[in-house]
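Hi everyone, thanks for coming. I'd like to walk you through one model today, so please have the sequence and the 3D view open.

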Number of protein chains: 2
Amino acid sequence: MGATPQEAGPRFRVALAQLNVKVGDIAGNGAAILAAIERARSAAADLLVLPEMALCGYPAEDLLLRPEFARRNREAMETLAPATAGLVALVGLAHREGDELFNAAAVLCDGHWVDTVHKAYLPNYGVFDEARYFREGRRFPVFEVGGVRVGASICEDIWYAAGPPQLQALAGAELLVNLSASPYAIGKPAYRERMLGTRAGDTGAFLVYCNLVGGQDELVFDGNSLVLDPDGRVIARGASMAEDFIVLDLPIGEVFRDRLLDPRIRRARLLTPDPRLTPSLHLDMTALRSAETAPLAAAVPAPPAEPLAELWAALVLGTRDYVRKNGFRKVLLGLSGGIDSALTAAIAVDALGAEQVVGVAMPARYSSPSSLGDASDLAGLLGIQLLELPIDDVFQATLDALAPLFEGRAADVTEENLQSRIRGMSLMALSNKFQWLVLTTGNKSEYAVGYATIYGDMCGAYAVLKDVGKLRVYDLVRWRNSRSDGPRIPQHSIDRPPSAELRPDQKDADSLPPYEVLDPILEAYVEREMSREEIVALGFDPAMVDRIARLVDRSEFKRRQAAPGPKVTDRAFGRERRMPITKA
Amino acid sequence: MGATPQEAGPRFRVALAQLNVKVGDIAGNGAAILAAIERARSAAADLLVLPEMALCGYPAEDLLLRPEFARRNREAMETLAPATAGLVALVGLAHREGDELFNAAAVLCDGHWVDTVHKAYLPNYGVFDEARYFREGRRFPVFEVGGVRVGASICEDIWYAAGPPQLQALAGAELLVNLSASPYAIGKPAYRERMLGTRAGDTGAFLVYCNLVGGQDELVFDGNSLVLDPDGRVIARGASMAEDFIVLDLPIGEVFRDRLLDPRIRRARLLTPDPRLTPSLHLDMTALRSAETAPLAAAVPAPPAEPLAELWAALVLGTRDYVRKNGFRKVLLGLSGGIDSALTAAIAVDALGAEQVVGVAMPARYSSPSSLGDASDLAGLLGIQLLELPIDDVFQATLDALAPLFEGRAADVTEENLQSRIRGMSLMALSNKFQWLVLTTGNKSEYAVGYATIYGDMCGAYAVLKDVGKLRVYDLVRWRNSRSDGPRIPQHSIDRPPSAELRPDQKDADSLPPYEVLDPILEAYVEREMSREEIVALGFDPAMVDRIARLVDRSEFKRRQAAPGPKVTDRAFGRERRMPITKA
């Protein structure tokens, strides 16, 4: 089964292609993969690693239930294989075997599709539905390339302490490779890096983790691919929130040294006689091409991104990819003068460029005199076009039309919602006429308690702040305004008390507790699924907790009809939090 | 392990409580279960069977991820147990054991919670997400009650040819009981009845199948509980689409006779040494109370419902339960004079009563002269209130407001959508003012191709016809008009060519192929997930198929923001068909 590696070598050159692919675009993704293979070959890489399901995109959801989808995956993969002369490439795909589907990786070697690796643990929680589509895999061989033993696994499999990568190390793998599509959430890149460091340390193996990057509906894949040494130290790091291509030489001989000094994986064999330990598969690569070239200089990996910068970049990437991958170039949004629409506009400008963002001010009778000024100041700071569309005449015409039916009834939330709906309708009219995509501007706190008008301010294709609570909105604005390109959001929009301006002197604080109280209750109730009793025990007023919980529960019908928006917490509204509408 | 049953007996009296419960309403459902227990005891039943998860409702979705939810299930079940003096009751619940949740049934016996049955096969396809919540169960004992061996299983477990009920029969069960929450789809009650007949025949056991009934968001549970004899003949049938309570005596001695004459289950033991065959559990019921009473006369089961009548009843039940379980009494809907809104109104009247349904006619410049007349005729036939709300002044005011921004641009779909959105806004204003729930009236063909205005005619809380294609709309109308209470839908609404009436002389046929062509293509593409090539091979024009498929794919963003509606096919839009918005 090939030569035992010697202390000094061999050098083993790996390449990681951290791609931004598109779901279902098998031809386009295949072309990007082909380019990565060519680039890896130019760099004399011995092994190229791509993200999970790079060929068909992730998550492909019910596209996987079309029989033709697996066939198209196979056919495209067969056309890629010949490009791998002289190297090994691991390419993720949806793979049919008999009447079963696997989340799989093709092992392409020297021009041939020689084997297929399966994902064993199928995530079926949070945003994931893989048990809906795939069979739990049983095939995760260790293969040998030019004397180096490599174990490849897919995403979730490395999140288990005793999963396939551990089994592969027990079977002798010196290099563990993981193809991943791990979506971003605040704090997750650091959590993931800690976990991967521990996996490398536990197995005494080099670990190459190639993650997907890009926005896909509610998900943002953050990249942040990693290469770690057998001590768990990061020796290369992919870009955060952008495509990247990494090539580096791994001194595989260090694995044996590490296992002599930290013998845990050797000793673990004593107590883990696992029948799933698969024999090594020898790949027919007589020589490593990298050996013919000069070693690459080791680089110092860039530090991880700062949390707020990374959150900002996630929102930017999610917005850019949603807009562009859906065939739009330009977006519009209502600018109320408030902080949420200002932040949304600033993110849109960073995502698409100022010339692709149009703001619309839609004053009515209850708009404060400063609102138009704030919107105009914002447009000036961002350099975006500002349209003005007064809605009061339409509002009055609507009131007049409804008057015979509303006779004898006092004004109430009906009239407030009407203004919001006229604004939504106006944005949609501009969208229809000019083919601009509408961004909606509500934040997570509002979505949570239903402080939003369905078919009104909830109109839009993409809800940029859907998973960003109000306090975090302020954090993001302060962070962005502190950047070197100067303030982007007018100070007055930050300082003014939040208001929907749908009746005289209305303020959010009339209907809602201060956000300093509301947001922690929401985090406990929505993100931690704590009971009312548990939240009260944290020190909140019981009546307040009851009221907030009831508002959250009762506004599920609105959220069910809400636009998608980028998930950035561990529990986002949308596919991740599946609550019944009808419930006690 | 108790006495071997004799040829003549014992008689064994079973009761089925086909309940309509509410998700999350553990207190309310518990009260209904308690009433069923009392009723079963009054009838001297030996065994009472309730539907799957009767205590907490089904599907409880992410309510199951609240730690308190399992605790509340347990506490409520503990309060029910003492009510079971003198009988056995099988009550479905969400059950925590350690850190795992099970879809389970409590075995309550003579006042005590004596055992818990697990569901083994967790459905995680279609509308089901059970792998998200539950651990696959391993506990499905055969228990003995007064000499009768009973095997209880939960829903999906009986859909497998070699599932737990088969294992229980191999272990000697003479009576198989299945607690179910099986949602309706067209043709499913008959498919289910065939399957259950085969299960009874294969096992030579009596089979008691107790199904849930009622609407829950997108699902309608149809009831249709069944009791079958060891030959697979139906000997009792629960109501379709309504609560029911059945009590009957089973001549258990027939099981041995059947197994002598059709020895398949006895012979199967030879070749099926399965370690999961669990030993019998003896329940401490020294005597059957039914033995002290006179035998019940056997009844002839009512025939199954006719398919169109059942579909109608499903739409009625779904609508009634969505409205009432969400705390509304009255609904409103726009009446265009067309067939979809007419059908929706007729269903709403059957669901809620004429006095709870308000129609709103909202004529504008392109409404045909007959539209108002058709709406008025409909209101007359149904006996519902009709409001008239002309929208042309609001439309004109909106056009005027937009004119400066639209200068030099020709009228297009923008202006069509505006009318639809003004109507939606008007319905929402009435909803807000009077607390009436808005029903939306689009059919499945329109949802499929996106022939609907988001935030316009798609406004509403519940989309009654969301899963009913246009051809089926006509079938339903013809069926309803043929009932004994006379025509409900005006003939002119049926005869006029479908039109959105949003521009002069507009007809559906201008933009769409005839529904006789469109609907079969949609069925192939949406419900069968056939490829374009396969659909063309059925004989359709390739360009037409391409265009329809593209329309379906591109309108996913609208459907993602659509109201829920009752699933009545095997592949409904909503939770059942999870397509990415962003895709190639």
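Let's start with helix α1 of chain B, whose buried residues are B:I26, B:N29, B:G30, B:I33, B:A36, B:I37 and B:A40. Looking down the axis of α1(B), these buried residues fall within an arc of 120°, so they line one face of the helix. The arc is taken from the directions that lead from the helix axis to the C-beta atoms. By "buried" I mean that 20 or more other C-beta atoms lie within 10 Å of the residue's own; "exposed" means 12 or fewer, "partly exposed" is in between, and the C-beta atoms are placed from the backbone.

Before going on, a word on the source: this is a predicted model, where local features need pLDDT of at least 70, side-chain atom pairs count only at pLDDT 80 or more, and totals for chains, interfaces and linings use all residues. Residues are numbered from 1 along each chain as its sequence is written, while chains are lettered from A and ligands numbered from 1 in the order in which they are written. Helices (H or I, at least four residues) and strands (E, at least two) are DSSP runs, numbered from the N terminus.

Back to α1(B). This helix covers residues 26-42, 17 residues in total, and spans 24 Å from its first C-alpha to its last, close to the expected 24 Å. That expectation is 1.5 Å times one less than the number of residues. On the face turned away from the buried side sit the exposed residues B:A27, B:E38 and B:S42. After the helix comes B:A44, with a positive phi near 60°.

What covers the buried residues of α1(B)? The cover includes β1 (11-18), β2 (47-49), α2 (67-80), β3 (88-97) and β14 (244-251) of chain B. Contact here means C-beta atoms, placed from the backbone, within 7 Å. The helix lies across β1, β2, β3 and β14 of chain B, at about 150° to β2(B). For such angles, axes are lines fitted to C-alpha atoms, for helices over the stretch in contact, and values run from 0 to 180 degrees between N-to-C directions.

Now the sheet in chain B. It is open, with 6 strands in the order β5-β4-β3-β2-β1-β14 and mixed pairing. Strands β5 (112-118) and β14 of chain B are at the edges with a single partner strand each, so one side of each has no neighbour in the sheet. Pairing requires at least two DSSP bridges between two strands. β3(B) and β4(B) (residues 100-109) pair in the antiparallel sense over 10 bridges, and B:R96 has B:L101 as its bridge partner in β4(B).

Over to chain A, which has an open sheet of 5 strands, β18-β17-β16-β19-β20, with parallel pairing. Its edge strands are β18 (385-388) and β20 (462-463) of chain A. α11(A) lies across β16, β17 (357-361) and β19 of chain A, and runs at about 165° to β16(A).

Finally, how do the chains meet? 66 residues of chain A are in contact with 66 residues of chain B. On the chain A side, α11(A) gives the most, with 12 residues. That side divides into 34 nonpolar, 13 polar and 19 charged residues. Here Ala, Val, Leu, Ile, Met, Phe, Trp, Tyr, Cys and Pro count as nonpolar, Asp, Glu, Lys and Arg as charged, and the others, Gly among them, as polar.

B:T414 touches A:A429, A:N432 and A:K433, leaving out residues up to four places away in sequence. Is B:T414 buried or partly exposed? With 19 C-beta neighbours inside 10 Å, B:T414 counts as partly exposed.

Note on methods
Contact = placed C-beta atoms within 7 Å.
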